[in-house]
Amino acid sequence: MSTVELDEYQRRALFTAAPRDKQNELLHLVLGLVGESGEVAEKFKKWVRDLDSDESRIDRAGVAKELGDVLWYLAVLADYLDLSLDDIATANLAKLADRQSRGQLGGSGDNR
């Protein structure tokens with residue numbers, strides 16, 4: 001399988017997305033993102049409950065599938081808002097590098 005750049009993934013994800021003008025599509029995308037993120041958490045809840053948090057027993061394939069669904073919703077939601085995944089990723093890395101250079105990776109709040 002070949003490597004896909006973020007913006008290319010975003011463009012390709014749109015082939016399976018509903019049209020922007022579908023009623024309540026923005027809400028559908030936001031709730032889908034939250035729901036799929038919850039499914040990632042659910043995998044880990046079961047790992048803690050049933051597998052004693054043994055890292056060698058994490059359902060990596062299942063987690064990867066759910067993370068793929070998270071990525072799809074993220075890509076389509078970003079497109080709906082006219083945002084590029086490449087731009088989002090680049091800005092996020094710059095923000096984190098700035099925080100690291102100032103010793104502010106820990107803590108909370110957007111304006112650290």
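Student: Where does glutamate 66 sit?
Tutor: Glutamate 66 sits in helix H3, residues 60–80. A helix here is a DSSP run of H or I, at least four residues long, numbered from the N terminus. The model is predicted, so local features need pLDDT of at least 70, side-chain atom pairs count only at pLDDT 80 or more, and totals for chains, interfaces and linings use all residues. Residues are numbered from 1 along each chain as its sequence is written, and side-chain values use heavy atoms, without hydrogens and water.

Student: How do you know that glutamate 66 has no salt bridge?
Tutor: Check the distance. A salt bridge needs a side-chain nitrogen of Lys or Arg within 4 Å of a carboxyl oxygen of Asp or Glu. The nearest side chain of opposite charge, lysine 43, is 5.0 Å away. Therefore glutamate 66 has no salt bridge. Glutamate 66 is also buried, that is, under 20% relative accessible area with a 1.4 Å probe, protein chains only.

Student: What is glutamate 66 in contact with?
Tutor: Setting aside neighbours within four places in sequence, glutamate 66 is in contact (heavy atoms within 4.5 Å) with Glu36, Glu39, Val40 and Lys43.

Student: Why is valine 34 called exposed?
Tutor: Valine 34 lies in helix H2. Its relative accessibility is 55%. Exposed means over 50%, so valine 34 counts as exposed. Valine 34 also belongs to a nonpolar surface patch of about 470 Å², together with Leu26, Val30, Leu81, Leu83 and Ile88. Helix H2 (residues 25–51) gives the most to that patch, with three residues.

Student: What makes alanine 97 partly exposed?
Tutor: Alanine 97, in helix H4 (residues 85–101), has 43% relative accessibility. Partly exposed is the range between buried and exposed, so alanine 97 counts as partly exposed.

Student: Which residues have the most contacts inside the largest nonpolar core?
Tutor: They are Ala13, Leu29, Leu33, Trp72, Tyr73 and Val76, in a core of 13 residues. H3 gives the most to this core, with seven residues. Valine 76, leaving aside neighbours within four places in sequence, is in contact with Ala13, Leu14, Ala17 and Leu29.

Student: Why does aspartate 82 count as exposed?
Tutor: Aspartate 82 is in the loop between H3 and H4. At 62% relative accessibility, it is over the exposed cut-off, so it counts as exposed. Its phi is near 60°, a positive value in a residue other than glycine.

Student: Where is asparagine 24?
Tutor: Asparagine 24 is in the loop between helix H1 (6–13) and H2. Its phi is positive, about 65°, although asparagine 24 is not a glycine.

Note on methods:
Helix = DSSP H or I, 4+ residues; strand = E, 2+ residues; numbered from the N terminus. Lys, Arg positive; Asp, Glu negative; His and termini not counted. Patch = residues over 30% accessible without salt bridge, like charges linked within 9 Å, V, L, I, M, F, W, Y side chains within 5 Å. Areas by Shrake-Rupley, 256 points an atom, 1.4 Å probe, with all protein chains shown as cover. Core = buried A, V, L, I, M, F, W, Y, C linked by side-chain atoms within 4.5 Å.
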